[in-house]
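Q: Hi, could you walk me through this structure with me? I'd like to chat about strands and surface.

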Amino acid sequence: GDGSSCEPVAGRLVVTPSDSGAQDFMTIPEDAVSVSVKMMQKTTVVYMKSGGDELRSDVVDEEPMMMQLAEDRIKVWTSTEDGSEVLHVRGPLANPITLAVEVGSEKPEMISYEYFLPRAEQLPEREDSEYFWDVVSIGQCTAACGGGVED
């Protein structure tokens, strides 16, 4: 679309190397679309975590592919921009995803991120309603094909 129905969310942060492995740095909310996470160093690995599952950026290819992450099937791919690696997730996300980073060098890593959230009026109503089919008697149609109304 033209972006008029979404709000952009973007930011940058510096992550320092840690001996304890990957560090959580943010959670991307459900309904987010067009997620991108840019890593300045090629040795940095971003983890996407949801529902006890995790997906590492270093196993994602440049060709878009569908991958399972907990209950979500997401389309992910990587690209290179200005010498930096970028992880992309199409969305919309059905569940929040926590991002963690493992810096593979001794230098701090600059991470930039961007995603879009539908404006509140664009989101479908979510109710914990129970739906069911109710079979009723139907009369003859007033037209043999299309455009008719029920009697």
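**Strands and surface**

A: Happy to: Val14 lies in strand E1 (residues 6–15), where helices (H or I, at least four residues) and strands (E, at least two) are DSSP runs numbered from the N terminus. This is a predicted model, in which local features need pLDDT of at least 70, side-chain atom pairs count only at pLDDT 80 or more, and totals for chains, interfaces and linings use all residues. Residues are numbered from 1 along each chain as its sequence is written, and side-chain values use heavy atoms, with hydrogens and water left out.

Q: Is Val14 buried or exposed?
A: Val14 is exposed, at a relative accessible area of 54%. Buried means under 20%, exposed over 50%, and partly exposed in between (1.4 Å probe, protein chains only).

Q: And Pro118, where is that one?
A: Pro118 sits in strand E10 (residues 109–118). Pro118 counts as partly exposed because its relative accessibility is 22%.

Q: Switching to sheets: what is the order of the open sheet of four strands?
A: The order is E2-E9-E4-E5, with antiparallel pairing; two strands pair if DSSP finds at least two bridges between them.

Q: Which strands stand at the edges?
A: Strand E2 (23–28) and strand E5 (53–56) do; each has a single partner strand, so one side of each has no neighbour in the sheet.

Q: How many bridges join E4 to E9?
A: Five bridges join strand E4 (residues 45–50) to strand E9 (residues 97–102), and the two run antiparallel.

Q: What stands opposite Tyr47?
A: Ala100 in E9 does.
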